[in-house]
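Before this entry goes further, I would like to set out some remarks on its fold, to be read with the coordinates open.

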Amino acid sequence: NIIDTPGHVDFTVEVERSLRVLDGAVVVFCAVGGVQPQSETVWRQADRYNVPRMAFINKMDRTGADFHNVLHQVREKLGARGVAIQVPIGSEADFQGAVDLIEMKALVHTDEMGAEVIEGEMSEDLRVTAEMFREQLLETLSELSDEVAELYLEGADIPVELLHKAIREGCCSGEIVPVLCGTALRNKGVQPLLDAIVRYLPSPIDRPPVEGEERPGKVISRVPEDDAPFAGLAFKIQSDDYMGQIAYVRIYSGTLEAGTQVYVPRLDKKLRVQQIIRMHANSRDKVPAAFAGDIVAVGGLKGIGTGDTICDSKDPISFESIEFPEPVISSAIEAKTKVDEDKLSQALGRLTTEDPTFHVRVDHETGQTIVSGMGELHLEIIVDRLLREFGLEVTKGNPQVTYRETITRQARGEGKFIRQTGGRGAYGHVVLELEPLEPGSGIEFEDATVGGVIPAEFVRATEKGCREALESGILAGFEVVDVLIRLLSGSTHEVDSSDMAFRAAGSMGVKDAMEKGKPVLKEPIMEIEVVTPEEYLGDVMADIQSRRGQIEELGTTAGGSRNVRGFVPLREMFGYSTDIRGLTQGRATYSMEPHSYQAVPEKIMQEIVGRARGLFQSTS
């Protein structure tokens with residue numbers, strides 16, 4: 001199975017969920033742009049899942065293409081042991097093909113679209129370069145393989161099959177990254193790349209058994225065998241006009257047959273598999289069964305979500321789910337006509353099911369529908385999909401930064417909900433404490449009550465009320481993050497206490513503690529890299545600093561341009577693509593990706609809070 005993902009950081013969800021289920025990856029680098037910030041992000045994601053990799057240096061026919069510079073960047077910037085198994089024959093407009101360093105053959109493409117490949121002659125300069133890189137290749141492989149080392153030290157000829165075997169073992173273990181080159185647009189270098197995928201990347205049986213939990217704390221594993229208990233992971237959900245919803249599933253063990261029931265541990269439900277489909281881009285084939293190692297689309301699993309395990313109910317297992325980053329940018333959206341409002345709500349529901357980094361909420365103060373995503377491009381694509389796939393024209397407001405709220409000191413709060421009416425009253429009383437946590441910790445809840453002062457069912461209701469309260473902070477209504485809620489004590493009424501009353505009391509207690517916890521706003525900080533000609537360097541740096549940016553590193557590219565790396569608040573980066581073109585006469589390029597959330601300066605925080613509260617007052 002081959003899965004192609006976008007490289008743009010706004011669509012990191014596609015990379016994340018694909019790497020989670022793949023056995024190997026080909027990372028494509030531009031021969032001109034080299035290793036960019038989003039390349040490093042993808043590389044780190046692949047590191048996290050221990051995915052073996054090959055590198056393909058693409059666009060060798062473009063002006064400024066430099067194979068050797070990109071190979072150096074792969075080694076230096078990514079810390080990878082990149083090993084060239086090809087060197088290019090020519091570059092830019094003169095790119096003709098590549099030398100296979102294993103068999104020392106010059107593979108030359110004789111026509112414009114690369115369909116015909118012949119074995120050509122090597123010039124003296126090319127032969128010297130190829131022999132130098134082959135020597136490096138043999139030295140590296142002799143460190144990995146005793147068989148290669150023995151022959152290499154004796155100065156004997158090393159069989160081609162032994163070299164293939166050593167490269168495969170090094171690639172599968174992640175010790176080396178084979179590097180190839182070509183130009184996909186002209187179909188040059190693509191066939192050798194496909195051969196290398198088959199030769200060097202692992203098959204499912206080359207990968208270690210996948211681990212999961214039979215129950216909390218008990219880890220078990222599954223081997224990729226057809227007669228093992230069935231287990232798979234749903235890594236992508238997609239709306240389908242004919243089947244309602246299909247789930248893309250990687251089968252780790254066992255056999256999945258159409259018409260059988262599978263168990264979903266998260267839902268604690270059995271669901272029936274209606275159809276199994278093998279996907280071929282836009283076409284699809286129904287198959288009666290799928291086996292260990294397959295990736296298939298499955299119809300009929302209603303209610304399943306991205307990252308859910310599906311398995312045999314007799315041998316349950318839960319694999320680690322997939323974690324996705326939180327959105328950093330928001331925008332108000334509305335249908336152009338009243339008639340389309342219901343259709344818009346349904347369409348947005350389908351899109352949020354498909355994309356875990358796309359969130360939708362209704363602002364209760366203004367009544368607006370707010371969509372949130374990973375960047376401006378992400379939201380633009382959503383609007384485009386609403387028109388193309390659902391026939392909906394929408395208006396989208398200007399992008400807004402998705403801030404977060406948190407507290408900076410420990411604080412105690414009390415919530416007492418008492419309602420006395422003619423009939424049965426309501427009573428809930430809690431005392432709790434909020435404590436700031438490390439960034440990225442999320443929300444944690446701890447029951448520190450003693451002696452059963454609050455019954456267990458009311459503790460659960462209190463937790464629910466607390467978490468609901470933190471969905472909207474007290475400064476400007478943004479979500480509260482990185483807080484520990486510690487329930488200390490409380491009291492009950494033998495008749496009037498209820499889940500509803502303790503839920504309300506928990507919410508009141510959290511709001512009380514937030515007021516005392518010195519709350520602050522946090523804003524998304526973006527990591528940015530700008531590549532600019534030398535003459536515009538001063539203007540580019542001054543512009544970044546004027547946007548509250550911090551410059552971390554200055555470098556020089558192979559072509560003599562300067563690259564500037566640093567961190568800038570997202571709030572200051574709207575419209576940057578237009579501004580940077582104006583500053584540099586269109587000659588600079590940039591890329592940015594989310595890095596972290598940091599506290600907003602006091603003056604700006606007051607401005608944001610004032611604007612938010614003014615808006616709420618004007619709409620209430």
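The points below take up the strands, the helices and the cysteines in turn.

1. The model is a predicted one, and the remarks here should be read with that in mind. Strand β8, which covers residues 177–181, has five of its five residues buried, so this strand is largely enclosed by the rest of the structure. Val177, Val179 and Cys181 point one way from β8, while Pro178 and Leu180 point the other way, and all are buried.

2. Two strands may be examined as partners of β8. Strand β2 (residues 53–58) pairs with β8 in the parallel sense over three bridges, and within this pairing Ala55 has Val179 as its bridge partner. Strand β3 (residues 82–84) also runs parallel to β8 and is joined to it by three bridges, with Val83 standing opposite Pro178.

3. Strand β2 also contains Asn58, which counts as buried because its relative accessibility is 12%, under the cut-off of 20%. Leaving aside neighbours within four places in sequence, Asn58 is in contact with Val28, Phe29, Cys30 and Ala31, and also with Gly182, Thr183 and Ala184.

4. A separate point concerns the open sheet of four strands, whose order is β4-β5-β6-β7 and whose pairing is antiparallel. Its edge strands are β4 (86–89) and β7 (117–120), each of which pairs on one side only. Direction ignored, neighbouring strands of this sheet are turned by 30 degrees against each other on average. Between β5 (residues 97–100) and β6 (residues 105–109) the antiparallel pairing extends over four bridges, and Gly97 stands opposite Val108 of β6. Helix α4 (residues 124–144) lies across β4 and β5, and runs at about 165 degrees to β4.

5. How do α6 and α7 lie relative to each other? The axes of helix α6 (residues 160–172) and helix α7 (residues 190–200) come within 9 Å and cross at roughly 75 degrees, and the two helices are therefore roughly perpendicular to each other. On the α6 side the contact is made by His164, Ile167, Arg168, Cys171 and Cys172, and on the α7 side by Val198, Arg199 and Tyr200.

6. The buried residues of α11 are Ala501, Phe502, Ala505, Gly506, Gly509, Val510, Ala513 and Met514. The elements that cover these buried residues include the strands β27 (404–407), β28 (411–419), β29 (426–436), β31 (483–491) and β32 (519–532), together with helix α10 (456–469).

7. Finally, the cysteines: the structure holds zero disulfides.

Notes: Residues are numbered from 1 along each chain as its sequence is written. This is a predicted model: local features need pLDDT of at least 70, side-chain atom pairs count only at pLDDT 80 or more; totals for chains, interfaces and linings use all residues. Side-chain values use heavy atoms; hydrogens and water are left out. A disulfide is a pair of cysteine sulfur atoms within 2.5 Å. Buried means under 20% relative accessible area, exposed over 50%, partly exposed in between (1.4 Å probe, protein chains only). Contact means heavy atoms within 4.5 Å. Two strands pair if DSSP finds at least two bridges between them. Axes are lines fitted to C-alpha atoms, for helices over the stretch in contact, and angles run from 0 to 180 degrees between N-to-C directions. Angles under 35 degrees count as roughly parallel, over 145 as roughly antiparallel, 65 to 115 as roughly perpendicular and the rest as oblique.
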